[in-house]
Amino acid sequence: AVDQSPNVMIEEGHNVTLNCSQKGTSYNGMYWYRQLPGQHLELIVHYYVQLKTMGPEFEGRFLSERKDSSLYLTVQELKSADSAVYFCAKYPALFVCYLFYKSLIFVSTGNCQKISVSQTPSIAWNKTGESAEIRCEHQRGADYSTMYWFRQLPGEKIQLIVYSFVGGDPDFGKFSKEKYDVKKTEAQKGSFTVKNLEPGDTATYFC
């Protein structure tokens with residue numbers, strides 16, 4: 001497992017640094033990837049111990065540094081086009097096995113407050129027919145009582161599945177209540193469940 005930076009909302013022109021730290025391992029290989037909405041994963045940078053390979057399209061505003069079992073990624077002078085999901089990955093030298101973890105960066109074009117959102121688990125492995133629950137929590141107080149849940153299938157755009165708020169009925173839009181469940185009993189916390197899992201449910205889910 002790794003510890004990775006939480007999701008962030010930040011204004012254009014600022015810098016942001018993401019950290020990916022290995023827990024209980026010291027694998028030689030570490031990566032940072034980016035996935036723009038509706039696009040495939042792009043490799044930003046790869047480290048093998050201290051040997052660095054940066055994708056040419058990321059040279060300039062993207063900086064990276066490896067310290068022991070941690071890999072830092074800094075995006076300078078943020079633009080709205082930098083809004084994406086950023087994944088870190090690690091792998092052992094002798095195995096072809098990649099372990100991915102994610103952070104979401106949303107870049108605002110206007111004034112906004114930074115909201116730190118924690119979503120657990122970062123990655124879930126479940127069997128067909130089981131249910132998978134994702135929990136979401138923020139620290140901005142009771143004024144932020146509405147919670148949205150999104151899904152991004154591989155290579156497709158982000159879709160809003162449901163939004164919910166304390167004391168009201170969730171709005172699933174075109175999605176089925178038989179497939180999804182959401183709980184929102186506190187302003188700062190909520191959960192989302194995908195029921196009767198199928199291979200087609202494999203996706204990135206955001207709150």
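A salt bridge here is a side-chain nitrogen of Lys or Arg within 4 Å of a carboxyl oxygen of Asp or Glu. Keep that rule in mind for this predicted model, where local features need pLDDT of at least 70, side-chain atom pairs count only at pLDDT 80 or more, and totals for chains, interfaces and linings use all residues. Residues are numbered from 1 along each chain as its sequence is written, and side-chain values use heavy atoms, leaving out hydrogens and water.

By this rule there are 6 salt bridges. The table shows some of them.

| Pair | Closest N to O distance |
|---|---|
| E133 and R135 | 3.4 Å |
| D181 and K183 | 3.0 Å |

Salt bridges with shared partners also link K179, E198 and D201 into one network.

How covered are these side chains? Buried means under 20% relative accessible area, exposed means over 50%, and partly exposed lies in between (1.4 Å probe, protein chains only).

Now for the strands, which are DSSP runs of E with at least two residues, numbered from the N terminus. Two strands pair if DSSP finds at least two bridges between them. Four strands make an open antiparallel sheet in the order 11-12-16-15. Strand 11 (117-120) and strand 15 (180-186) sit at the edges, each pairing on one side only. Strand 15 is joined to strand 16 (residues 189-194) by 5 bridges, and K183 has S191 of strand 16 as its bridge partner.

T193 also belongs to strand 16, and it counts as buried because its relative accessibility is 12%. Beyond its neighbours within four places in sequence, T193 has contacts (heavy atoms within 4.5 Å) that include E133, K179 and D181.

Elsewhere, strand 4 (residues 29-35) pairs with strand 9 in the antiparallel sense over 7 bridges, with Y31 opposite A89. Strand 9 (residues 84-91) is largely enclosed by the rest of the structure, because 8 of its 8 residues are buried. Both of its faces are covered: A84, Y86, C88 and K90 lie on one side, with V85, F87, A89 and Y91 on the other.

L51, by contrast, is exposed at 60% and lies in strand 6 (residues 51-54).
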